[in-house]
Every structure is written in structure tokens, then in C-alpha cells.
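Hi,

Here's the structure I promised to pass along.

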Amino acid sequence: MAASPSTARAINDRSALRLLQDEGPLTATQLKTLTGLSRPTVADLVERLQGSGLVHVVGEAGAERRGPNAKLYGIVADRAHLAALDVRTRSVSVTVADLLGTTLAEATAPVGDDDGTGSAVEKAVALLERTVAEAGADRLHSVAVGAPGLIDPATGELRDSSGLPAWHRRLVGVLQERLPAHVLVENETNLAAVAELREGAARDRDDFVLLWLGQGVGAAVVLDGRLRRGASGGAGEIGFLPVPGTSGLPSATGCDGGFHELACAAAVASLAAAHGLDPADALTSGHGPFLDALARRLAVGAAAVVSVLDPGCVVLAGETGHAGGTELAARVEAELSALSPLRAEIRPTALGDAAVLRGALLRARDAAQDELFGPRSTGL
């Protein structure tokens with residue numbers, strides 16, 4: 001069934017905009033070559049996109065050849081501004097960017113245990129407002145918040161959790177009340193996976209699982225190039241995986257006795273101390289017995305994931321995955337090969353601590369571009 005003229009125009013416009021985003025400024029001839037469209041069709045879409053304020057002339061190309069120079073067209077980067085927040089238990093980080101994702105300003109502030117819910121929320125909102133002002137972002141279109149915890153797939157809201165600060169959930173509501181922008185919230189591990197898929201360690205993979213190894217333990221599942229959240233938004237809650245040899249069994253309200261007990265930051269620190277190491281630098285010490293012991297623990301969680309999903313690749317992220325790097329990843333891969341007949345490559349994060357914030361920025365950019373560029377047919 002042939003597309004209507006208006007649908008065809010929308011598809012062509014979005015294709016051209018995606019090319020301008022991915023390739024940078026292009027001439028009409030280059031757009032014609034890359035899209036396969038006719039010259040008149042390209043001329044029409046360029047005029048249409050200029051008229052909508054999405055594309056403008058950014059320069060000229062062809063100074064090295066005879067004849068008139070060709071105009072270079074690029075996306076109007078300040079057509080919309082974006083903000084991303086990485087909300088941790090004791091801190092919040094903010095990045096403000098333009099429509100192309102170029103960072104304009106960024107900042108981080110601590111949130112202490114003595115900050116009550118209201119004070120913590122105000123501190124986070126004030127940090128965002130200052131960063132937006134510093135960036136000169138007068139067209140804040142989309143804000144994406146990355147936070148630990150479950151996201152309700154029906155409402156898109158951060159669900160109540162007894163293990164997380166109350167100010168996390170309240171912050172999202174306050175941002176929605178005060179900002180003219182569209183506010184989105186996503187689990188931090190899922191955002192890290194989005195960033196690793198599109199810009200990091202898993203750029204060449206359609207299927208992989210990201211293991212988040214920090215104060216909390218979790219996983220994000222990407223299959224066929226798409227993030228999979230599960231029926232209740234809890235796909236990847238591997239911290240609750242029961243593990244023999246721990247203190248007992250996890251419960252609906254606590255993951256003691258689960259994989260969390262083996263792999264969280266506190267457990268890694270205790271393991272380092274048991275090997276006579278300073279927890280602050282144990283992961284970078286090159287201490288073989290400690291790294292082997294940790295790798296055996298992490299391989300238990302990786303084996304469970306691989307046995308169920310067979311993703312072919314597992315990315316180790318969070319503070320442990322980042323600090324452990326390629327040496328820890330190689331040891332986990334060796335341990336995993338002894339536990340499972342299903343092979344999986346184990347890779348360290350390529351984005352480190354920046355993964356969550358970068359994933360949030362990509363999520364905000366997608367939301368803005370979805371509205372400004374028209375309907376999209378694929379994506380996370």
C-alpha cells in the first residue's frame with residue numbers, strides 16, 4: 001500500500017534530518033545521493049525544513065572546484081535545548097545540551113544524609129536551574145532523569161521503594177510541576193545500557209546485557225537492538241537473584257541473600273579487606289587472588305543471565321566494572337566459560353561514570369527529535 005503524499009514527505013524529511021544529525025552539514029547534492037531521492041524532491045524538503053526552523057545554511061562547500069559553491073545545510077542546534085540528570089543516593093549531576101546533543105553546561109552537587117526530602121529536592125532543582133541559565137538554554141524542551149529503582153511502565157513514574165531516598169520520587173514530580181519542558185524518568189541501569197549501545201562498549205552488538213555493579217546491583221537487557229523493560233518494568237533486577245552460600249534468601253523488600261550480597265560495592269570492599277587490600281584501590285591493584293575471587297562471584301550472576309537470555313555479550317558497568325576494566329572482564333569471561341556452555345564475551349564499560357548521564361541525554365534528545373522531526377518508526 002503506497003504512502004500518501006503527506007506521509008511520504010514526513011518520511012523523507014525525517015530521513016534527511018537523521019542524515020544531517022549523523023553526518024553533519026550536507027549539501028543538497030549529498031542529501032540526494034544519501035537518500036536516493038530526486039533533485040526536485042530534495043529541493044522541496046530542504047525548503048520545507050528551512051521554513052519550519054529545523055534546518056539552516058551553515059556554510060558552503062566546493063571552494064576547491066570551479067563554479068558556484070554549494071550551500072551546506074545543518075540542523076538548527078538551538079531549536080530546542082535538553083537537560084539530563086543523574087540522580088544518585090548522595091548526589092545529583094546535570095548536563096544541558098542543544099538539539100544535537102552538544103554539551104553546553106554541566107554541574108554536580110552533593111546531597112547529604114542531613115538533607116531532608118524538601119531540602120534535597122530544592123538543591124537538585126536549583127542546580128538544574130543554574131546550569132540551564134549558564135548554558136543560555138531558553139528553549140528547554142525535554143528533561144530526562146536517570147535514577148535507581150523501578151519505573152512503572154504504565155505511568156512512566158518512579159515507583160516507591162523502601163531502599164531509596166524519598167527525594168528521588170518527589171524530585172520528578174516537582175520538575176514536572178515547575179518546568180515547561182517534557183520530563184522523563186528512566187532507570188539508571190537502562191540509561192547506561194542505551195549509552196553503551198549507541199556510543200560505548202556495545203556499539204557493534206544488537207544483543208547484550210549490562211551488569212551494573214555499584215552501591216546497588218542490577219542489569220539492563222538489550223535484545224534485537226531494543227531495551228527490554230519487562231512486564232512490570234523490572235527486567236534485570238538481578239540483585240534479587242537467589243545465590244547459594246549467601247546469608248539466606250532475598251525477599252520482596254530486600255535483596256540480602258541475593259546476588260547483591262556478593263557483588264555490591266560494600267561486598268567488594270569487604271572482599272578486598274579480606275585480601276589485605278585497601279578497598280579504594282583494590283580493583284586497580286593487579287592483585288591476582290582478589291581479582292580471581294571477585295571474578296568468580298560476578299560470573300555467578302553472568303551465568304544466570306547467559307543461561308536465560310544467551311545474549312553473547314555482557315558489559316560490566318558501574319564503579320566496579322569501570323575500575324576493574326579489561327583485566328576484571330577477562331577474568332569473569334574465563335570463570336563464565338567454566339560455568340556455562342553458552343559463550344559470552346565480557347567487556348568493560350567504555351563510558352564509565354558518564355554512562356547514565358549520557359544515556360539520559362540521548363533519551364531527552366530522542367524525545368525532542370520525535371516531536372520536532374515527526375513520527376519515528378524505530379528506536380529504543
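The largest pocket in this predicted model holds about 1,000 Å³ of space. Its lining is made up of 40 residues, and the ones nearest the centre are Pro 148, Gly 149, Leu 164, Gly 216 and Val 217. If you want to find the pocket by its helices and strands, look for α6 (188-199), β9 (217-223) and α10 (318-339), the elements that each give two or more residues to the lining.

How do helix α1 and helix α3 pack? Helix α1 (residues 5-23) and helix α3 (residues 39-51) have axes 10 Å apart and an angle of about 80 degrees between them, so α1 is roughly perpendicular to α3. On the α1 side, Arg 9, Asn 12, Asp 13, Ala 16 and Leu 17 make the contact, and they meet Thr 41, Leu 45, Arg 48 and Leu 49 of α3.

One last thing, on confidence: the protein chain averages a pLDDT of 90, and 95% of the residues score at least 70. Take care with residues 376-380, though, where the pLDDT is below 50. Beyond near neighbours in sequence, that stretch has 12 contacts in the model.

Cheers

Technical notes. Residues are numbered from 1 along each chain as its sequence is written. This is a predicted model: local features need pLDDT of at least 70, side-chain atom pairs count only at pLDDT 80 or more; totals for chains, interfaces and linings use all residues. Side-chain values use heavy atoms; hydrogens and water are left out. On a 1 Å grid over the protein atoms alone, a cavity is a set of points where a 1.4 Å probe fits but cannot get out, and a pocket is an open set with protein on both sides within 12 Å along at least five of seven lines; lining residues have an atom within 4 Å of a point. Grid points are joined across faces, edges and corners, and a volume is the space filled by probe spheres set on the points. Helices (H or I, at least four residues) and strands (E, at least two) are DSSP runs, numbered from the N terminus. Axes are lines fitted to C-alpha atoms, for helices over the stretch in contact, and angles run from 0 to 180 degrees between N-to-C directions. Angles under 35 degrees count as roughly parallel, over 145 as roughly antiparallel, 65 to 115 as roughly perpendicular and the rest as oblique. Contact means heavy atoms within 4.5 Å. pLDDT is the predictor's confidence in each residue, from 0 to 100.
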